[in-house]
Every structure is written in C-alpha cells, then in structure tokens.
Amino acid sequence: MTDIAKPKTICVVTAGGPYPWIITNALGDRFGPIEVIVEDPEPRGAFLRRRAKKQGWLSVAGQFATMTLVKAQKTRLAQRLRAIEEAHGLRPEPDPIHRVTRVPSANGPQFIEAMKRIKPDVVLLVGCRILKAETLRAIPCPVLNYHAGITPAYRGVNGGYWALASGDAENFGTTVHLVDDGVDTGGIIAQARGRPEPGDSIATYAHRFAAMSRELCADAVAAALEGRLRPKPASGPSRQWFHPPVWRYLWNGVAKGIW
C-alpha cells in the first residue's frame, strides 16, 4: 500500500491589518488555505509603559505624536493606498479560504493550545508582538519572520523610513529571517530591496514593501517546507530603531523631504 503524504500546514501569526493580509493572501495563492492566528493588539497603555521603561516618557510622547500623525496620513492617503493595491493586485482583506483562530496574545496559553491543535510545519510571523523564548520553545517547527527593513542595520520598526532618513536608500527593503531570542537578529533567509515612488511616505511604505516581498515570503515558506533553508548569519552594523519622535519626523520631512 502506498502511503499518502500528510499535507503540509502553514501558519501565519499576526495582529491583523492590510499588509499582513496582503502577504497571507499571497501565500494562499501559492499553497492554498492558510492557518492564521490573529492576536489582539497590545493595549496602547501597556505598549507606552513598556517603551517608556527603555527610552523615557519624553521620547515616547514624541513617538506617540508621530504615530498619531501617521494614522491621520493613512486616512488622507487612502486613494494612494488603493492605487498601489490595484497596480500590484494586492488584497488587503482576509480571504475567506483561510482558517482563522483568534487569541488574546501570541505569548499566551491560548496560542500554545492553538499550536498543539494546528501542528504547523512552518510558522511565519507577520506583524505580531515579539515572541518570548518560552513561546518559541513550544513551536516544534521553523519560525520565520517577515520584517519591513534590512537587518541587522534596520531592526525594530520603520526600517524603510530610517534607511531613507539616514541617507541609505540602497537599503530600502525587507528581510525574511529565522526567529531567535533577539529583536530581528535571526539568520537571514532572503532580502528584497527597492525604491519608494514619488508620493510615498511612512504611511505607504508597508504597502510598497508587501508588494515587493509577498513572493519572497512564499519562497521562504516553500524552502522551509522542503528542508532547503540556508540562513546566513546577520552581520555588519546592527541597530534597533523605533518610531521617530515628532520633532525628528518633522525635521526629516522639512530638511530632507523624507516623510
């Protein structure tokens, strides 16, 4: 009797939002229905307190102001975001073929129970909170992360923005890497570099990156499923970046044209 191979199971972990669904839907186009675990966003107060412990309240207040401005930009630039979607065939809403499980936190017991039930062959993190070491140990398969920045130089958040603001436009790009105990420090699987287009800003970079990286993510997932992962150690200058405080954001915009 011929054994029938068990279908491979892909799991995406995310807090939701347009660009994670763009990437998840691209995986669905390649592999079929995806198991998606959607965690609740971290409460804003808890996020701010955690960040303030590292950077102080003044810096965090400036970052929060920028986050508020960027949110307003996304509303104003809704037409431009739709144009990017139409130009590249992006789908920023959940495709009903996917199987969605909702949990309070990717570091909570409900998430571990979901992992035991799903039994994934590969996990891809796309816009979720940092997994704790004990959570990683409970996932018995390769865990990859889609990062909107070139690592290790632009770890953390807003990697594309910081590359442009630092005069390093050649490193406007994204990374898929293995997940370890650090922040975007794992072995590099693949990277993609590109250019923003006129009219792009910090509010549209996520869409721009998703357009140029969705096949990169699918290729990395395929390599993991087939046992072909050959990660390269992250080397070179390394820095973790955060949201720009509003005074830095305005200065970069006025002086450098980087918004």
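1. **Ground rules.** Since this model is predicted, local features need pLDDT of at least 70 and side-chain atom pairs count only at pLDDT 80 or more, while totals for chains, interfaces and linings use all residues. Residues are numbered from 1 along each chain as its sequence is written, and side-chain values use heavy atoms, with hydrogens and water left out.

2. **Val13 in strand β1.** Start with Val13, which sits in β1 (residues 10-14). Helices and strands here are DSSP runs numbered from the N terminus (helices are H or I with at least four residues, strands are E with at least two). Val13 has a relative accessible area of 0%, so it is buried. The cut-offs are: buried under 20% relative accessible area, exposed over 50%, partly exposed in between, using a 1.4 Å probe and protein chains only. Val38 is 25 residues away from Val13 in sequence, yet their C-alpha atoms are 6.0 Å apart. Leaving out residues up to four places away in sequence, Val13 touches Ile37, Ala106, Phe111, Val123, Leu124, Leu125, Val126 and Cys128; contact means heavy atoms within 4.5 Å.

3. The arc is that of the directions from the helix axis to the C-beta atoms. A handy reminder: an α-helix has 3.6 residues a turn, so residues three or four places apart point the same way.

4. Now look at the loop between α5 (109-118) and β4 (122-125), where Lys119 lies. Lys119 is not a glycine, but its phi is positive, about 50°. At 55% relative accessibility, it counts as exposed.

5. **Helix α4.** Which residues of α4 (residues 78-88) are buried? Leu81, Ile84 and Glu85 are. They cover an arc of only 100° around the axis, which puts them on the same side of α4. Gln79, Glu86 and Ala87 are exposed on the other side. The cover over the buried residues of α4 includes α3 and α8. Just after the helix comes Gly89, with a positive phi of about 65°.

6. **Helices α3 and α9.** Two packed helices are described by the angle between their axes and the distance between the axes. For α3 (residues 57-76) and α9 (residues 246-256), the axes come within 7 Å and cross at roughly 55°. Axes are lines fitted to C-alpha atoms, for helices over the stretch in contact, and angles run from 0 to 180 degrees between N-to-C directions. The two helices are therefore oblique to each other; under 35 degrees would be roughly parallel, over 145 roughly antiparallel, 65 to 115 roughly perpendicular, and the rest is oblique. On the α3 side, Leu58, Ser59, Gly62, Gln63, Ala65, Thr66, Leu69 and Gln73 meet Val246, Trp247 and Tyr249 of α9. By class, this contact has six nonpolar, five polar and no charged residues.

7. **Ser213 in helix α8.** Ser213 is in α8 (residues 205-225). Is Ser213 buried or exposed? With 0% relative accessibility, it counts as buried. Its side chain makes a polar contact of 2.6 Å with the side chain of Thr174, and a polar atom of the Ser213 side chain lies 2.9 Å from the backbone oxygen of Phe209. A polar contact is a pair of N or O atoms within 3.5 Å; within protein, one must be able to donate a hydrogen and the other to accept it, and residues adjacent in sequence count only if both atoms are side-chain atoms.

8. **Two loop spots to check.** Thr151 and Pro152 are joined by a cis peptide bond, with omega about 0°. Pro152 is in the loop between β5 (143-147) and β6 (155-156). Asn158, in the loop between β6 and α7 (159-165), has a positive phi near 60° although it is a residue other than glycine.

Terms used. Ala, Val, Leu, Ile, Met, Phe, Trp, Tyr, Cys and Pro count as nonpolar, Asp, Glu, Lys and Arg as charged, and the others, Gly among them, as polar.
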